[in-house]
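This briefing covers the pockets, cavities, surface patch and salt bridges of one structure. Please look over the sequence and the model before reading the points below.

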Amino acid sequence: MSDFGPVGGDVWTVPFAGGAPVDVTAKQPVTFTSLAWVSGGLRASYLRGNAMGGAAIDPRGRVTPLIDIPDASLGAGDGRIAWAADGRTFATVTQRYDKAPAIHAGSPGAVRQLTHDNDGLTPSVSAQSISWKSDGYDVQGWLVGPRVTSTGKAPMIVTVHGGPSSATSPRFVGADSAEAALTARGYYLFYPNPRGSYGQGEAFTAANKRDFGGGDLRDILAGVDAVEKVAPIDDARLGLTGGSYGGFMAMWANTQTNRFKAIVAGAGLSNWISYYGTNGIDQWMIPFFGKSAYDDPEAYAKVSAITYIKKARTPTFIYVGERDIEVPPGQSIEYWHALKELGVPTTLMIYPDEGHGIRQPEHVADLKKRVFAWWAQYLGAK
């Protein structure tokens with residue numbers, strides 16, 4: 001139910017001889033993100049709110065945490081943790097927003113840092129985990145800001161992750177990164193993990209089925225409220241951005257709220273009906289919508305930004321790759337055309353020879369320059 005990289009869900013087992021699969025971790029308040037079956041037993045990594053860790057899982061589903069690290073990301077190749085045969089010794093790469101990657105290894109209660117190559121890298125940002133309630137759900141996100149705060153209130157950019165089944169987790173912010181450049185200009189950056197994300201259990205991840213742009217948008221707006229209680233955010237200078245599903249959310253939010261004063265939408269979906277017939281991965285939508293766009297077009301139309309486009313008021317910068325087959329450029333063109341006709345300030349960039357993401361260095365530099373100028377124009381921070 002998501003892209004190849006962000007794997008997540010419950011752990012199921014089935015006998016080699018056949019039989020019904022069994023969810024052995026049902027109702028666990030975590031998302032399991034990788035599996036390894038070693039001689040010491042079944043091991044799994046997991047995401048639990050603001051923490052990542054690893055656990056032993058017995059055939060009956062009893063979960064025994066072996067490592068749990070808050071405010072950090074873990075990585076080890078395709079998995080999150082590399083396990084030794086005994087199932088108790090492990091290695092992983094850890095990183096935080098303000099701490100560069102390093103290899104840690106050991107056993108439960110005895111984990112130590114093995115590499116120190118990056119110890120001299122100076123943190124560029126401050127960061128904290130933010131938790132809030134929304135419609136009875138526990139929701140979590142990350143607030144990234146400058147190391148030294150200035151007087152007065154600051155603009156904030158909200159970034160919605162793709163997926164939709166995924167989550168934003170800490171990654172070191174280097175001095176030459178776009179995030180460091182934005183915080184140096186006085187921006188705060190907010191990365192919410194609304195319902196549909198990983199980290200709160202499978203029921204939370206599945207909570208946006210047939211509800212794209214509904215509860216998840218309410219979660220995001222409630223998260224902005226939570227951030228404004230703990231940081232000097234100017235509610236009159238909020239920006240919204242995202243790519244892929246986050247691009248859909250950016251386009252959609254423009255038709256649902258006027259709270260944001262500037263939007264940047266990357267590879268977004270504006271019309272689920274036309275998208276269904278023109279993308280190369282349409283099978284992913286069936287688990288979320290229940291039926292195809294041909295069998296239940298109303299369900300697709302009611303969560304399409306184009307359906308409510310005449311409510312859009314927020315200036316929107318749009319970009320997409322020319323050869324994107326996951327979210328074809330026609331989705332961005334359709335949205336841009338509508339905003340243009342309605343007199344909403346908008347710009348569209350289609351980058352040649354790019355797919356689902358802008359990667360060529362000259363295009364990355366051009367996009368960064370244009371996006372920074374967009375934020376500066378409408379949010380007031382230079």
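Helices (H or I, at least four residues) and strands (E, at least two) are DSSP runs, numbered from the N terminus. The model is predicted, so local features need pLDDT of at least 70 and side-chain atom pairs count only at pLDDT 80 or more, while totals for chains, interfaces and linings use all residues. Residues are numbered from 1 along each chain as its sequence is written, and side-chain values use heavy atoms, with hydrogens and water left out.

**Largest pocket**

- A pocket is an open set of points on a 1 Å grid over the protein atoms alone, with protein on both sides within 12 Å along at least five of seven lines; a cavity is a set of points where a 1.4 Å probe fits but cannot get out, and lining residues have an atom within 4 Å of a point.
- A volume is the space filled by probe spheres set on the grid points, which are joined across faces, edges and corners.
- The largest pocket holds about 1,500 Å³ of space.
- Its lining is made up of 50 residues, and Thr159, Arg171, Gly242, Gly243 and Tyr319 are the ones nearest the centre.
- At least two lining residues come from each of β14 (154-160), α1 (178-184), β15 (188-193), β16 (233-243), β17 (262-266), β18 (316-321) and α9 (361-379).
- The most is given by α9, which supplies six residues.
- Sorted by class, the lining of the largest pocket has 23 nonpolar, 20 polar and seven charged residues; here Ala, Val, Leu, Ile, Met, Phe, Trp, Tyr, Cys and Pro count as nonpolar, Asp, Glu, Lys and Arg as charged, and the others, Gly among them, as polar.

**Cavities**

- Two cavities of 30 Å³ or more are found in the structure.
- The largest cavity has about 50 Å³ of space, and the residues lining this cavity include Val160, His161, Arg195, Asp216 and Met249.
- Five nonpolar, four polar and two charged residues make up the lining of the largest cavity.
- The second largest cavity has a volume of about 40 Å³, and its lining consists of Leu47, Gly49, Gln140, Ala167, Asn193, Tyr198, Gly199 and Gln200.
- Asn193, one of the residues lining the second largest cavity, belongs to strand β15.
- Asn193 is buried because its relative accessible area is 4%, where buried means under 20%, exposed over 50% and partly exposed in between (1.4 Å probe, protein chains only).
- Asn193 and Ile220 are 27 residues apart in sequence, and their C-alpha atoms are 7.9 Å apart in space.

**Nonpolar surface patch**

- Val93, Ile103 and Leu114 form a nonpolar patch on the surface, with about 200 Å² of accessible area together.
- Patches are made of residues with over 30% relative accessible area and no salt bridge; like charges are joined within 9 Å, and nonpolar side chains (Val, Leu, Ile, Met, Phe, Trp, Tyr) within 5 Å.
- Accessible areas come from the Shrake-Rupley method with a 1.4 Å probe, and for residues only the protein chains shown count as cover.
- Leu114 sits in the loop between β11 (110-113) and β12 (125-134), and its relative accessibility of 41% makes it partly exposed.

**Salt bridges**

- Side chains of opposite charge can pair when their charged atoms come close.
- A salt bridge is a side-chain nitrogen of Lys or Arg within 4 Å of a carboxyl oxygen of Asp or Glu, and by this rule the count is 14.
- Arg48 forms a salt bridge with Asp68, with the closest N and O atoms 2.7 Å apart.
- Arg48 lies in strand β4 (residues 41-48) and Asp68 in strand β6 (residues 63-70), so this pair ties together parts that are 20 residues apart in sequence.
- Arg48 is partly exposed at 36% relative accessible area, and Asp68 is partly exposed at 34%.
- Glu228 and Arg259 meet through their side chains in a salt bridge (3.5 Å, N to O).
- This pair links distant parts of the chain, with Glu228 in helix α3 (residues 215-228) and Arg259 in the loop between α4 (245-253) and β17, 31 residues apart.
- Glu228 counts as partly exposed at 24% relative accessibility, whereas Arg259 counts as buried at 19%.
- Asp353 and Arg323 also meet in a salt bridge (3.0 Å, N to O).
- Asp353 is partly exposed at 46% relative accessibility, and Arg323 is exposed at 59%.
- A network of salt bridges links Asp135, Arg195, Arg218 and Asp219.
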